[in-house]
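Dear colleague,

I am writing to hand over a structure for your study. Please open the sequence and the model below first, and then read the notes that follow.

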Amino acid sequence: EMGSVGEPALRLVWSDGHHSRYSWHALRVHCPCAACKGEWTTRRHIDPASIPAQIRAMRIERVGAYALRPIWSDGHSTCIYPFNYLRHDLCECDECTARRASAAP
């Protein structure tokens with residue numbers, strides 16, 4: 001289940017009942033496309049400060065059964081967020097944030 005793009009953040013409810021929340025800005029900063037992330041490196045090519053604070057998705061399309069593709073208010077539209085990436089790497093809920101913090105080296 002997915003919330004509306006008119007909300008202040010993206011909300012997803014997963015099939016196991018887990019509730020995820022993603023701020024629009026953080027989601028855009030973590031765009032996994034080659035133009036933003038780079039093809040051969042984990043170093044970001046995009047400067048988070050260059051992304052408008054009020055960025056938001058104008059619409060979100062499903063990509064098959066594995067991902068979401070937002071069309072951003074800054075015109076960016078090449079990012080595809082696999083569900084696994086959204087759930088395990090980007091979820092901003094307290095539980096997921098704590099899990100990632102405890103796993104960090």
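Arg 11 forms a salt bridge with Glu 7, and their closest N and O atoms are 2.6 Å apart. A salt bridge is a side-chain nitrogen of Lys or Arg within 4 Å of a carboxyl oxygen of Asp or Glu. Glu 7 is also partly exposed, with a relative accessible area of 22%.

Please note that this is a predicted model, in which local features need pLDDT of at least 70 and side-chain atom pairs count only at pLDDT 80 or more, while totals for chains, interfaces and linings use all residues. Residues are numbered from 1 along each chain as its sequence is written, and side-chain values use heavy atoms, with hydrogens and water left out.

The term pLDDT is the predictor's confidence in each residue, from 0 to 100. For the protein chain its mean is 88, and 92% of the residues reach 70 or more. Helices (H or I, at least four residues) and strands (E, at least two) are DSSP runs, numbered from the N terminus.

How are the strands arranged? Strand β1 (residues 9-13) and β2 run antiparallel and are joined by five bridges; two strands pair if DSSP finds at least two bridges between them. These two strands form a hairpin with five residues between them, and Gly 17 in the turn has a positive phi of about 95°. In the loop between β1 and β2 lies His 18, which is buried, with a relative accessible area of 10%.

A further three strands form an open sheet in the order β3-β4-β5, with antiparallel pairing. Its edge strands are β3 (57-63) and β5, each of which pairs on one side only. Strand β4 (residues 67-72) pairs with β5 over two bridges, and Leu 68 stands opposite Tyr 81 in β5. Ala 65, in the loop between β3 and β4, is exposed, with a relative accessible area of 68%.

Which residues have the most contacts inside the largest nonpolar core? They are Tyr 22, Leu 27, Trp 72, Tyr 81 and Leu 86, in a core of 26 residues. α3 (83-90) is among the elements that each supply at least two residues of this core, and α3 gives the most, with four residues. A nonpolar core is a set of buried Ala, Val, Leu, Ile, Met, Phe, Trp, Tyr and Cys residues joined through side-chain atoms within 4.5 Å. Tyr 22 belongs to the covered face of strand β2 (residues 19-23), together with Ser 20. Leaving aside neighbours within four places in sequence, Tyr 22 is in contact (heavy atoms within 4.5 Å) with residues including Leu 10, Leu 27 and Leu 86.

Finally, the count of salt bridges comes to six. Arg 59 meets Glu 61 at 3.1 Å, N to O, and Arg 69 forms a salt bridge with Glu 61 at 2.4 Å between the closest N and O atoms. Shared partners join Arg 59, Glu 61 and Arg 69 into one network.

With kind regards

Conventions
Buried means under 20% relative accessible area, exposed over 50%, partly exposed in between (1.4 Å probe, protein chains only).
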